[in-house]
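Here's a walk through a two-chain model, one chain at a time and then the place where they meet. Keep the viewer open as you read.

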Amino acid sequence: MNEMDIPDTAAAPPRAHCVADSAGGLTFQVSDWVRPGPAAAPGEAGPVDALVLVRRGADPGAEDEVRLPLAPAEDGRPQAALPSTVPLPEGRWDVHVAHGDAEPRRVAPGLNDLRSLVDRRPGPSTSPLSVRIPYPTKHGNLSLRSWRRAPHAEAGEIRAEGGELAVRGRLYRVGSPAEWLAGAVVEARCRRDASRVWTGKPVLEDDTEFSFTLPLAELAEGWKGGEEAWDLWLRPAGPDAAPARLARILDDVPDKKEIFSYPAQPVAAPHGPAKAGPYYTTNNDLAVRVEDA
Amino acid sequence: MHISFLIHNAYGIGGTIRTTYNLARTLGEQHDVEIVSVFRHREAPVFDPGPNVRLSHLVDLRKKSPTYEGADPDHARPARVFPRSEGRYKQYSRLTDRRIAEHLRRLDADVVVGTRPGLNVHIAREARRGPVRVGQEHLTLGTHSKALKRALRGAYPRLDAVTTVTRADAETYRGQMRLPGVRLEAVPNSVPEPCLEPADGTGKWVVAAGRLAPVKRYDLLIRAFEKVIAVRPDWRLRIYGGGAQHAKLRDLIDHLGLYNHIYLMGPANPLDPEWAKGSIAAVTSSMESFGMTIVEAMRCGLPVVATDCPHGPAEIIDNGVDGRLVPNGDVDGIAAALLDLINDDELRQRMGQEALKRSARFDPSRVAGRYESLFTDLLARGKVRGSVHRARGALLSGAFATKDVGRTMLGRMRAA
């Protein structure tokens, strides 16, 4: 036997199947995991199994690692739950399994059953909205995208035509969305120059749904060539209330940028010919880009 | 039975590889099964052949391997046995000619199965007397060049059986090739039962999946869906897959202003969880050798709206019962069939249930069962025919007697 065959087999990673519930909770079922030793029974002393989530890019520290108990389910396979009530700060979390103090092992993705996340419509509440979407990384590992927002403005249909953007969305996680929206303004904030802010009024469509129209030429007024990004927010009345970022996170798609794509439109800017269009950032926040035509 | 598959590259990704693994794995539960890969370019296979199937290779193309053979001067010389008109000709060489011939000359199996035309030619010309020789056609005869058809016409009479994945293609073989005494049999590809709950048919999503290639005609689907959302703007379409047509399809969606309703999702693997998010599947190809995605969607409980294109769809879908067939290329027909299912929740649910039930005939266990009876018939026929014509019966028992010797030789070769 060729000795190069050996590492492949030995390195076969544990795998986790993921099932999402509509409240934002996740269940992980682990298979193909060869533990370094037996796990302690409940109540006994000894090494316990855990599913370990580690936030990517974070310094090693308690708040950037979440350990979830891993216990046998009915079918005997180890299972862990991440309820929506466990706070998971925004970011990318890498999934591992650990046996006692042994070095945690990275987990490969299995089947991700995320059907309950498609077209998610969270109920009324004022606690932060939890969104966790498992996904396979390009290196073949399992990770999670996490968002935690209150308030949250979910972007919906966007029409990009006639030199305008017509945006619809829904507001979540405030006491009275209709009241909140009635006093709110839409802001487009220029990322390059904080002093440039476009404001408009949202139109209330029903209790939680709003719409607004953004004339692209107005964003292009101070444009001086190159690429300029504008982030979209809803800012409520009152100095203390937190603004809501427009984002699209209430579904099963971890990275919107390439999939939720919209045409750019030509804009007559004082500086010269430009084009402008909406896009989702790598964090799935809604933004507008003005650039050379 | 000892069954030996011969495949181009068992270490890659592709429809033929996946379907061969499914079949070998299932046959391996009852029989002695091996997959012999002409090439090996990586350590571990992408798909899992299961615990009972032996995997070996004839030419090592792993650059870091001590037995790397890519630099062998014979590998730079053009192949003589592997037909020039075969699509993979450039990858074959004097070295592969020799290795495949050596393998086939000493192969002591009961059945040897080739998985592409060039390898079937090798088997027809070089397999020793004894094993039943089966050549699989995973594409269609119609898609082969005239030159390749000529080459197959010369070699295939020496096979015991040719299998196609559709009855339609088996008919084409019957009509265009003179293969007296060669059994022609249509055996569909298999699709295992998904490991998750079937779709419940409540989501307002149509799902399509496949390479973004011209033959898949996603442009038709996009134009048909424009008509769908004119009536039902609450429904949307997801198209999974990557490919050269991406930019063109993106432009079409933007040009028609359908970017709030049609999404190009990119490649997804595995696909089953994505089917399960939909309520209807759509396949609008102009040609499907088989129609694997139709079966995959049905196994997840989706009714499929498909164009009645050559060759597979009509053999998979029972029109009006577990899905809908519409005329090839007919945008209005696709839109109307989708709307029929969208507008009638009860009909959609019922067809989804039927799709789930009827697609069970593509389960690997059933498909393997059909191969098993084909092989058994051929073995019996071989004994009768052989005793009269080619004295195969005697050689067949000879093959059993020399089995262990052959195994040892094969083992030695692997160790080398």
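## Chain A at a glance

Bear in mind that this is a predicted model. Chain A comes with three helices and 22 strands, and its C-alpha atoms fill a box of roughly 70 × 50 × 35 Å along the principal axes.

Of the 293 residues in chain A, 33% are buried. If you take the contacts in chain A with a separation of 6 or more, 59% of them are between residues 24 or more positions apart.

## Two domains in chain A

Chain A splits into domain 1 (13–149) and domain 2 (152–292). Where the two touch, domain 1 of chain A puts in 16 residues and domain 2 of chain A puts in ten.

On the domain 1 side, β10 (129–136) and β11 (142–149) of chain A each supply at least two residues. Which of the elements gives the most to that side? That's β10(A), with four residues. By class, this side of domain 1 has ten nonpolar, two polar and four charged residues.

## A closer look at Pro134(A)

Pro134(A) sits in strand β10 of chain A. Is Pro134(A) buried or exposed? It counts as buried, because 26 other C-beta atoms lie within 10 Å, and the cut-off for that label is 20 or more.

Leaving out residues up to four places away in sequence, Pro134(A) touches Cys18(A), Leu26(A), Asn112(A), Leu142(A) and Leu144(A). Pro124(A) is ten residues apart from Pro134(A) along the chain, and their C-alpha atoms are separated by 24 Å.

## An open sheet in chain A

Chain A has an open sheet of five strands, in the order β5-β6-β2-β1-β9, with mixed pairing. At its edges are β5 (71–72) and β9 of chain A, each of which pairs on one side only.

Look for Ala71(A) and you'll find its bridge partner in β6(A), Gln79(A).

## Where the chains meet

The contact between the chains takes 20 residues from chain A and 20 residues from chain B. On the chain A side, the elements that give two or more residues are α1 (5–10), β9 (108–113) and β12 (152–161). The residues on that side divide into eight nonpolar, three polar and nine charged.

Over in chain B, an unreviewed UniProt entry places the feature "domain: Glycosyltransferase subfamily 4-like N-terminal" at residues 13–191. Over those residues the chain is 31% helix and 19% strand, with the end C-alpha atoms 16 Å apart.

Strand β5 (residues 132–136) of chain B is mostly covered, with five of its five residues buried. In a regular strand, side chains alternate between the two faces of the sheet. For β5(B), one side carries Val132(B), Val134(B) and Gln136(B), the other Arg133(B) and Gly135(B), and all are buried.

What about the neighbours of this strand? Strand β4 (residues 111–114) of chain B runs parallel to β5(B), joined by four bridges, and Val111(B) stands opposite Val132(B). The chain gets from β4(B) to β5(B) through helix α3 (residues 117–126) of chain B, in a right-handed β-α-β crossover. Strand β6 (residues 161–164) of chain B also pairs with β5(B) in the parallel sense, over three bridges, and Gln136(B) stands opposite Thr163(B) there. With helix α4 (residues 146–155) of chain B, β5(B) and β6(B) make a right-handed β-α-β unit.

## Strand β8 of chain B

Strand β8 (residues 205–209) of chain B has five of its five residues buried, so it is largely enclosed by the rest of the structure. Trp205(B), Val207(B) and Ala209(B) are buried on one side, Val206(B) and Ala208(B) on the other.

β8(B) pairs in the parallel sense with strand β9 (residues 236–240) of chain B, over five bridges. The crossover between these two passes through helix α6 (residues 218–231) of chain B and is right-handed. β8(B) also runs parallel to strand β11 (residues 280–283) of chain B, joined by two bridges. Val206(B) has a bridge partner in each neighbour: Leu237(B) in β9(B) and Ile280(B) in β11(B).

Conventions:
Residues numbered from 1 in each chain as written. Chains lettered and ligands numbered in written order. Predicted model: local features only at pLDDT ≥ 70, side-chain atom pairs only at ≥ 80, totals over all residues. UniProt positions renumbered as here; feature names shortened; annotations may be inferred. Contact = placed C-beta atoms within 7 Å. Nonpolar A, V, L, I, M, F, W, Y, C, P; charged D, E, K, R; others polar. Domains from an automatic or database assignment. Buried ≥ 20, exposed ≤ 12 C-beta atoms within 10 Å, placed from the backbone. Pairing = 2+ DSSP bridges. Right-handed = clockwise from strand over helix to strand, strands pointing away.
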